[in-house]
Amino acid sequence: MTDNKLVSHSVRANLLVLGLLALVLGVVPGVLSFLGKSYYMQVANSALIYCVVAASMNLITGTAGLMCLGHAAFFGIGAYTAALLNTHFGLPFLLTLPLGGVAAGLAGVLVALPTMRLISIYFAVATLGVGEIVHVTLLNWVSLTRGPMGMQIYEPITIFGHQFTGLLSIYYVIAVLACVSIYLLWRMNHSYFGNALRSVREDDQCAEAMGISVVKLKIQAFAASTFFTGLAGAVLAHSAGYISPDSFQFSESILILTMVVVGGLGSLPGSILGALLLILLPEVARGLGDMRNVAVGVVMFLSILLLPKGIFGEVSAIEVARKLFNSAWDGRNAVGWK
Amino acid sequence: MDTYFLMQLINGLSVGMIYALIAIGFTLIFGVLNVVNFAHGEMYTIGAFAGLVCINMIHAPLAIIIVAALVAGGLSGIGLERIAFKPFRRFQDEASLKSRAMREATLLSSLAVSIIIKEVIQHFFGAEMQTIPGQYMLNNPIQVGPLSLSSGQFLILGSSILMLGGLQYVLYHTRIGLSIRAISNNPLGAKYVGLSVDKTIISTFAVGSMLGGAAGIMVGLYYGAIFPTMGFTPSIKAFVAMVMGGLSSIPGAVICSLILGVCESLATNYLTQGWSDMVAYSFLIVTLIFFPQGIFGSRRERV
């Protein structure tokens with residue numbers, strides 16, 4: 001490969017990243033504030049939050065092949081940790097945000113330690129049980145979580161004394177966080193770590209024989225994934241100002257799973273597309289009234305039937321990663337790509 | 001013995017029988033296809049709603065309502081198999097029948113179908129609890145010595161024992177049952193001796209969903225609660241019982257369902273209603289950690 005080509009690759013990669021950043025930070029908020037409807041802004045906020053959740057779930061369900069049916073539990077742990085720390089101890093956003101992530105990550109490790117020996121359906125069932133345990137706890141521990149009444153956070157997002165009260169400024173907080181988390185998840189997905197996870201997914205016994213510590217790797221992946229989910233939960237708690245156990249029940253886990261599946265298991269851009277599709281679809285299909293959740297089910301069913309690889313399948317996602325970032329990986333750091 | 005304790009025990013047994021009826025459906029389908037049918041809880045809901053429609057339309061007697069629920073459950077089981085499972089069974093060999101891709105695809109497709117069924121029911125009947133005419137409610141008190149039981153408990157216990165007996169007869173004395181057992185034992189071998197895999201899978205879904213539908217209407221009339229999402233909690237608990245029983249063992253599933261039901265109703269002495277759901281989930285986690293093959297499961301290579 002000539003030097004010339006290397007340059008053009010990196011230029012193209014930079015252009016793509018810049019384009020996406022411009023879209024998220026410039027075009028979308030511009031158009032939304034031009035339209036001037038605060039409701040659209042809220043939809044955009046929740047779409048971004050779900051992008052992070054779907055991308056983080058993709059790391060375990062897609063890349064590592066561990067079907068998780070309780071991901072909303074970690075989302076909820078992050079959200080409730082942030083909300084409790086903020087209302088009871090008055091901690092600022094800058095502290096509750098990482099602490100929400102850390103709490104969810106710790107919970108993830110706790111769940112992962114005993115369940116990582118289980119494979120396929122058994123793991124799915126175990127995470128389903130964990131998800132329900134967390135939901136029941138949130139619902140019934142009324143003295144701490146106020147149960148079904150939910151929790152309210154009155155304090156606006158404050159960073160270094162600056163209060164983010166307008167919807168547009170909250171959007172920017174979420175957008176920056178989403179971009180950073182998705183970038184980190186993308187780098188994890190397309191690194192030696194991600195490739196090791198893929199090998200574990202394809203054949204864990206074989207990976208073990210090749211010298212990969214499967215259980216350790218799975219626990220690391222689970223911790224990373226739940227950390228980002230918790231982060232998204234904390235952002236949700238602060239940006240929405242109200243959380244209730246209903247937002248973290250089984251159906252929510254299924255919604256997140258659907259995002260990843262519709263987008264393409266194992267493909268990070270796919271899961272982001274899936275999240276956007278499933279959050280925006282009910283809004284677009286508002287005319288259908290009650291039937292819009294049916295539309296979600298139908299989209300899920302059709303995508304499994306007609307697009308088993310998803311909208312943006314893993315193979316094409318890896319192709320894109322290879323093409324765009326070849327310059328970084330082609331030379332000295334070619335581990336796992338050749 | 002304490003009468004209250006005895007009453008809770010009988011209550012637990014009748015709840016456990018309901019779990020058992022649902023768990024049998026899960027177990028039969030898992031045995032034949034090696035997949036988990038996540039839309040099984042919706043068969044329970046459909047049974048309950050079919051019974052309700054019967055009550056409201058023709059004011060039928062109880063026996064006919066239960067038969068209607070059985071039929072509705074069976075038919076929707078067949079429909080479910082055609083829609084959510086058949087399209088993914090593109091190849092007939094054992095490797096792809098029990099492959100991981102097939103398992104995950106059908107798991108997700110049954111989830112999708114269950115969302116659709118739930119939402120459609122909600123669209124037509126509304127999300128709130130349905131009103132059931134008073135004379136159909138199964139909570140007339142019946143005094144047995146010092147115990148005061150209700151007619152619903154007798155109906156649930158009696159008819160589930162009847163259905164379990166019927167299932168035993170079907171599985172061991174009819175051609176359909178024989179082919180279900182043959183295919184869950186060895187699909188390829190069963191195919192070589194001339195059994196139709198497709199037909200057997202359909203009849204498995206029909207049998208399993210019939211039991212689920214009957215369970216639905218009985219619970220609906222006993223507790224007086226019929227609503228679109230009623231299938232979720234019992235089916236998760238039945239699922240727990242199935243995992244505890246070792247995934248493909250019917251006696252195991254029934255025994256574990258009864259244990260679960262009794263433990264739950266005894267736990268209500270010490271816990272409030274909301275927390276008693278935790279019993280099932282903690283059983284699940286404990287089972288998966290300490291007996292991953294299930295308490296009554298046969299030894300398998302890996303879980």
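The model looked at here is a predicted one. The two helices in question span residues 167-189 (α7) and 268-284 (α12) of chain A, and they pack at an angle of about 140 degrees with their axes 10 Å apart. Sorted by class, the contact of α7(A) with α12(A) comes out as six nonpolar residues, one polar and no charged.

Chain B has helix pairs of its own to look at. Take helix α7 (residues 175-185) and helix α9 (residues 197-223) of chain B: their axes come within 9 Å and cross at roughly 105 degrees. An angle from 65 to 115 degrees counts as roughly perpendicular, so that is how α7(B) sits relative to α9(B). On the α7(B) side the contact is made by B:Ile176, B:Ser179, B:Ile180 and B:Ile183, and on the α9(B) side by B:Val197, B:Thr200, B:Ser203 and B:Thr204. The split by class is four nonpolar, four polar and no charged residues.

Another pair in chain B is helix α10 (residues 232-245) with helix α12 (residues 273-290), which pack at an angle of about 30 degrees, their axes 10 Å apart. Angles under 35 degrees count as roughly parallel, and therefore α10(B) is roughly parallel to α12(B). The crossing of α10(B) and α12(B) is left-handed. From α10(B), the contact takes in B:Thr233, B:Ile236, B:Lys237, B:Val240, B:Val243 and B:Met244. From α12(B) come B:Asp277, B:Ala280, B:Tyr281, B:Phe283, B:Leu284, B:Thr287 and B:Leu288. Charged residues do turn up in this contact: there are two of them, along with two polar and nine nonpolar.

That leaves the meeting of the two chains. Here, 38 residues of chain A are in contact with 41 residues of chain B. The size of an interface is often given as the accessible area lost when the parts come together. Between chain A and chain B the buried area is about 3,700 Å², and carbon and sulfur atoms give 77% of that. On the chain A side, A:Ile121, A:Tyr122 and A:Phe301 supply 17% of the area that chain A buries against chain B, more than any other three residues. As for salt bridges between chain A and chain B, the count is zero.

Terms used. Residues are numbered from 1 along each chain as its sequence is written. Chains are lettered from A and ligands numbered from 1 in the order in which they are written. This is a predicted model: local features need pLDDT of at least 70, side-chain atom pairs count only at pLDDT 80 or more; totals for chains, interfaces and linings use all residues. Side-chain values use heavy atoms; hydrogens and water are left out. Axes are lines fitted to C-alpha atoms, for helices over the stretch in contact, and angles run from 0 to 180 degrees between N-to-C directions. Helices (H or I, at least four residues) and strands (E, at least two) are DSSP runs, numbered from the N terminus. Angles under 35 degrees count as roughly parallel, over 145 as roughly antiparallel, 65 to 115 as roughly perpendicular and the rest as oblique. A crossing is left-handed if the near helix is turned anticlockwise from the far one by less than a right angle, and right-handed if clockwise. Contact means heavy atoms within 4.5 Å. Ala, Val, Leu, Ile, Met, Phe, Trp, Tyr, Cys and Pro count as nonpolar, Asp, Glu, Lys and Arg as charged, and the others, Gly among them, as polar. Buried area is the accessible area (1.4 Å probe) that two parts lose on being put together, summed over both. A salt bridge is a side-chain nitrogen of Lys or Arg within 4 Å of a carboxyl oxygen of Asp or Glu.
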